[in-house]
Amino acid sequence: MRLFKTLLLLMLVASLVPTVMVGLLSVSDTRELLVRDAQEMAQERVKQLKLKAETFLAEPTRAVMGMARVPQFFALPLEQQQTYLRSVLNQRREIQAITVLGLDGRRLPGLQAFAVNDVPPTGLAEHEARAMELLEGLNGLRYADVVGRTDGEAVVTFAISVGEPIQGYIAADVSLGELQTMLAQERVGSTGFVYLTDARGLVIAGGGGLVAHQDASKRPVVAYLLQDVARTQDTDILHVGNFGEGADAVVAAYATLAEPTWAIISEQPVALAYKQVETMERRLLLTVLAATLVALGLAAFFSRGVTSPLKGFTEGALRLAQGKFGLEVNVPQKNELGDLARTFNYMSKQLLAYDHENRGLYESLEKGYLETIVALANSIDSKDSYTRGHSQRVGDVAVEIGREMGLSERELKQLQFGGILHDIGKIGIVESILCKQSRLTDDEMAIMRGHPDIGDTIIKPISFLGPMRACVRSHHERWDGTGYPDGLKGEDIPLLARIVGCADTFDACTSTRPYQKAMPLEKAMEILDNLSGRQLDPSVVEALRRVLKKRGVRVEGHRLPVKLAS
């Protein structure tokens, strides 16, 4: 009870005081911050859109200027000049017409290219007329006013002088269709929009229901923009603020382009732009109220101080469930939680003791399994003096190959048992066939080939030996698919069975049999190399070679491992 009262008081003070203070400060400061954020977002938006618009115009302009800078352009052969025109027109899809004019302002014969599908004949004549109007006193780059073609497409014409001194001019029409699409899709909140105007306040492109060539000079933000441009010679103007009054009031920002003298404008109704401010104020007030109520409830509920100790108990119980017996939780309090911790720690130590006892029993059981397996293998080998120790050696060699191939300890143990048991099925083969000194007949060979299936049947009911069934059943399968009993091929043969099969073949080569004497290691490996890719897995054979070179294996007649010569 003392702990309850102490923590109740501490939690009330620690939770309510900061919550109330933060809430009051947040309510007082949030409106100013959100208003500034809304304006900064509008300003940042027009800066980005200005960059996009300038980039949109700069790319076709740069392409035409690149052609204008070609050395002695007017002295080039007509065919080469036409190639330049076609290249620019093909590279920049927004360029719809391009014309080369002489010093007299007339189009030079053969030096005009245009998008046939986009520019009608009347549009081409209008393009030339606009280009000629730009040439008077031109020395550099000049843009014309935006016009709308009969098909509704907005187009801007620009002209560039060529050479120093001036030798002629190049003019081009640029479609603003993509710019219109981009601006029309730009959204400012739920109802805001952006648009582009020229120096007279006429709309060039944009959304919000505005159409090209519409006079927007009476809109509050555009009117202020035109006055701002008239007051200063600066070509880079950026402004943000509130414009208009009442229901027409908007939060707007605008930025001017250096060339041509256009302006990008963002508008959003004040009521919607600052709606977040009102929402945040209500939310903050509700949050303070809710936090106060929650703090009271939580202080009463959690004041017993059990959250931290319970977390330790939970983590400890989880680790116990994962088998990490013997761990202790540290709860130094001398109260009910401390008593619970001491009980928990005692339980953990007892579980550790039981675990050690169970592990010992398991190891004894596993040892018994292994001794049983070895006894079974010996019962096979005892039938034939020529194969005595064969199963144990196959298991040992298989383990060395598996270790070289990076198999896990669990898989190595399965290889050990599988190698020892691989011929367990020979128990079911009559001794007259199993120990026959001469070559087996076809019928006898068919009976002998049944020993993998017999072995699989023998160990199938023993769940402990389940992982070793593949070694017993498939150790006579061949890499090329001609083995038995299932005719498996390549990697369809289980890896453990491929390793045991290789170890079995190796021991057969290095052991004395009725039909052959034990071979030297070099000769045995030569035989295995010949069988690689046909009977044996090449990667397993190569792993055996590395084993023999590095650490060797025990073979018949040798008590110590025998290595291949380096």
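Start by selecting Q72, which sits in the loop between α1 and α2 (78-91); helices here are DSSP runs of H or I with at least four residues, strands are runs of E with at least two, and both are numbered from the N terminus. Q72 is not a glycine, yet its phi is positive, about 50 degrees. Its relative accessibility is 53%, so Q72 counts as exposed (buried is under 20% relative accessible area, exposed over 50%, partly exposed in between, with a 1.4 Å probe and protein chains only).

Before moving on, some ground rules: this is a predicted model, in which local features need pLDDT of at least 70 and side-chain atom pairs count only at pLDDT 80 or more, while totals for chains, interfaces and linings use all residues. Residues are numbered from 1 along each chain as its sequence is written, and side-chain values use heavy atoms, with hydrogens and water left out.

Stay in the loop between α1 and α2 and pick V70. Is V70 buried or exposed? V70 is buried, with a relative accessible area of 15%. Show its surroundings and, not counting residues up to four places away in sequence, you'll find V70 touching L76 and Y84; contact means heavy atoms within 4.5 Å. Draw a C-alpha to C-alpha distance from V70 to Q81 as well: it comes to 9.9 Å, for two residues eleven apart in sequence.

Another positive phi in a residue other than glycine is at H213, near 75 degrees. Look for H213 in the loop between β8 (203-206) and α5 (220-231). H213 is partly exposed, with a relative accessible area of 37%.

**Two cis peptide bonds**

Select E164 and P165 together: the peptide bond joining them is cis, with omega about 5 degrees. P165 belongs to the loop between β5 (154-162) and β6 (168-175). Then jump to Y484 and P485, where the bond is also cis and omega is near 10 degrees. P485 is in the loop between α15 (469-474) and α16 (495-509).

**Into the cores**

Now zoom out. The protein chain has 18 helices and eleven strands, and 41% of its 566 residues are buried. Of the contacts in the chain with a separation of 6 or more, 57% are between residues 24 or more positions apart.

Which residues have the most contacts inside the largest nonpolar core? Color V64, I98, L176 and W262: they do, in a core of 45 residues. A nonpolar core here is a set of buried Ala, Val, Leu, Ile, Met, Phe, Trp, Tyr and Cys residues joined through side-chain atoms within 4.5 Å. Helix α1 (residues 2-68) gives the most to this core, with ten residues. Another core, of 30 residues, lies apart from it and includes L415, C471, L528 and L544.

Center on W262 next. Beyond its neighbours within four places in sequence, W262 has contacts that include L57, V146, V156, L176 and L196. Also on the contact list of W262 are T197 and D198.

Strand β11 (residues 263-269) holds E267, which is buried at 5% relative accessible area. Beyond residues up to four places away in sequence, E267 touches several others, among them V188, G192, R219 and V251. The C-alpha atoms of E267 and G192 are 5.5 Å apart, although 75 residues separate them along the chain.

**Helices around α16**

Last stop: show α16 with helix α17 (residues 521-531). They pack at about 140 degrees with axes 9 Å apart (axes are lines fitted to C-alpha atoms, for helices over the stretch in contact, and angles run from 0 to 180 degrees between N-to-C directions). The pair is therefore oblique; under 35 degrees counts as roughly parallel, over 145 as roughly antiparallel, 65 to 115 as roughly perpendicular and the rest as oblique.
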